[in-house]
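Have a look at the structure first, then follow along.

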Amino acid sequence: MDYPILQTDAPDSNALAARIKLLGLLDELRGLLTDPALLGSPELRNPSMSILALVHLKIIENFPSEGTTIKDPAERVNRNGNIVRQLMSHATTYHVFFQEKPDFFTHTAGSRVLTENEGMRSWILVGLGETMPGTLKIAEAVSQNNDSEEPQHTIIIPGWNIQNNTDLPVFQALATMPERATLFAKAMSWHTQLPGYSPQYLLDHFPFGSGDITVVDVGGGIGHIARALADHCPTVQCIVQDRPEVILQAEQPLPANLQDRVRFQPHDFFQDQPVHGADVYLLRHVLHDWSNKYARKILQALIPALKPGAKVVLNDHIIPGYGEAHYLEERKARDYDLYMLGLQNAQERTPDEWKSLFRDTDSRFNVTKISQPSKSYLSIVEVTWEG
Ligand SMILES: C[S@@+](CC[C@H](N)C(=O)[O-])C[C@H]1O[C@@H](n2cnc3c(N)ncnc32)[C@H](O)[C@@H]1O
């Protein structure tokens with residue numbers, strides 16, 4: 001699926017680092033100017049309250065490019081005008097829409113990108129609609145059951161399960177909710193458009209090489225990373241594996257130059273890996289969905305297929321050590337850490353936690369390199385199978 005490209009984090013500029021630094025300073029200034037009693041207060045900054053509703057109610061996607069009064073979008077989506085006004089007026093205070101006159105709203109860069117970009121709306125529906133409510137239930141989940149590694153209710157009930165009133169782990173539950181499974185897959189594919197999350201960092205940084213290599217993209221969603229990889233390396237063969245309901249959505253026609261080099265295969269990554277002898281097994285944004293107990297099972301299931309020297313490559317957030325990263329970058333990793341806790345009782349990991357995970361799974365996994373490409377929010381963990 002092709003989505004319009006967002007604001008760029010172009011590799012030849014230092015714009016991203018400068019932007020992070022300035023945003024950090026502004027954020028600190030805001031903190032200094034804010035009454036301490038309000039620093040942790042939920043009403044202090046919560047754009048999600050209006051933005052999620054505006055996306056859900058399709059008010060954003062129906063907003064005309066030339067701007068409008070409240071009556072028009074309210075009628076288009078058949079919703080109460082007063083509520084539409086409340087939502088839009090709130091969003092304008094976060095620079096999503098601009099209130100030009102008392103009853104006339106126009107686009108800002110923030111509202112325009114939401115209106116024009118279906119993938120971004122999917123991401124809002126998943127990120128705010130599905131995942132965020134789970135994080136609000138973390139305390140309840142921990143109070144009910146403590147110290148568990150189960151993704152569903154066995155001991156700890158993750159927030160997502162309370163929120164959705166189901167005993168099933170998220171990905172199994174999604175299999176019974178086709179519309180939400182589609183939304184999730186679209187959202188993950190679109191997520192690569194966000195600054196700092198492009199697959200290009202991985203492609204430029206990891207030596208996939210120019211030889212005839214086979215890469216298995218385990219939990220590869222609808223194949224968005226494999227397509228980018230096959231485009232980047234003209235001789236690579238990619239096999240994208242995911243749950244059957246996801247693979248069904250992935251089997252859209254591929255461009256002619258990729259047709260014989262990207263294949264899709266339904267596969268449950270808790271079962272033994274069916275593709276033996278591949279050069280690279282890629283797990284991008286996969287293990288962070290799982291507690292150590294389940295992450296180890298996913299890695300163990302690879303072992304029967306690994307040839308000596310095979311690489312297991314992770315592309316995930318890394319929690320930086322104390323003082324190692326700008327605090328806004330650490331905030332990003334820690335935000336995702338709590339997302340994962342709320343979603344599946346899972347976590348992001350520090351470099352040492354990644355190393356222990358592999359060591360505890362099997363001593364033949366040798367973590368050879370952990371690196372973070374400049375401007376990428378995701379790190380690359382390279383592991384060699386020394387079996
Ligand atoms: C967070 S998404 C990451 C998708 C993709 N790798 C990326 O980087 O955008 C996690 C993926 O794991 C898949 N998944 C979850 N449980 C699975 C299982 N048991 N077997 C195979 N794939 C699974 C999900 O369907 C989803 O596509």
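At what angle do helix α2 and helix α4 pack, and how far apart are their axes? Before answering, I noted that this is a predicted model, where local features need pLDDT of at least 70, side-chain atom pairs count only at pLDDT 80 or more, and totals for chains, interfaces and linings use all residues. Residues are numbered from 1 along each chain as its sequence is written.

**Entry 1: α2 with α4**

I looked up helix α2 (residues 48-56) and helix α4 (residues 81-92), and they pack at about 125° with axes 8 Å apart. Helices here are DSSP runs (H or I, at least four residues), numbered from the N terminus. Axes are lines fitted to C-alpha atoms over the stretch in contact, and angles run from 0 to 180 degrees between N-to-C directions. α2 and α4 are therefore oblique to each other; angles under 35 degrees count as roughly parallel, over 145 as roughly antiparallel, 65 to 115 as roughly perpendicular and the rest as oblique.

I then checked which residues make the contact (C-beta atoms, placed from the backbone, within 7 Å). From α2 they are Met 49, Ser 50, Ile 51, Ala 53 and Leu 54, and from α4 they are Leu 87, His 90 and Ala 91. I sorted them into six nonpolar, two polar and no charged. In this scheme Ala, Val, Leu, Ile, Met, Phe, Trp, Tyr, Cys and Pro are nonpolar, Asp, Glu, Lys and Arg are charged, and the others, Gly among them, are polar.

**Entry 2: α2 with α6**

Next I turned to helix α6 (residues 118-135), which packs with α2 at about 125°, the axes being 10 Å apart. That angle makes α2 oblique to α6. On the α2 side I found Ser 48, Ile 51, Leu 52, Val 55 and His 56, facing Arg 121, Ile 124, Leu 125, Leu 128, Gly 129 and Met 132 of α6. This contact has seven nonpolar residues, three polar and one charged.

**Entry 3: α1 with α15**

I also looked up helix α1 (residues 15-33) and helix α15 (residues 327-344), whose axes lie 9 Å apart at an angle of about 90°. α1 and α15 are therefore roughly perpendicular. Ile 20, Leu 23, Gly 24 and Asp 27 of α1 meet Tyr 327, Leu 328 and Glu 329 of α15. I count four nonpolar, one polar and two charged residues there.

**Entry 4: domains**

The domain assignment (automatic or from a database) gives domain 1 (15-115) and domain 2 (188-385). Their C-alpha centres are 34 Å apart. Five residues of domain 1 are in contact with six of domain 2.

**Entry 5: the ligand**

Last, I found 16 residues around the ligand, the closest being Phe 171, Gly 219, Gly 221, Arg 284 and His 285. A residue counts as near if its C-beta atom, placed from the backbone, lies within 6 Å. The shell has seven nonpolar, four polar and five charged residues.

Notes: Helix = DSSP H or I, 4+ residues; strand = E, 2+ residues; numbered from the N terminus. Contact = placed C-beta atoms within 7 Å.
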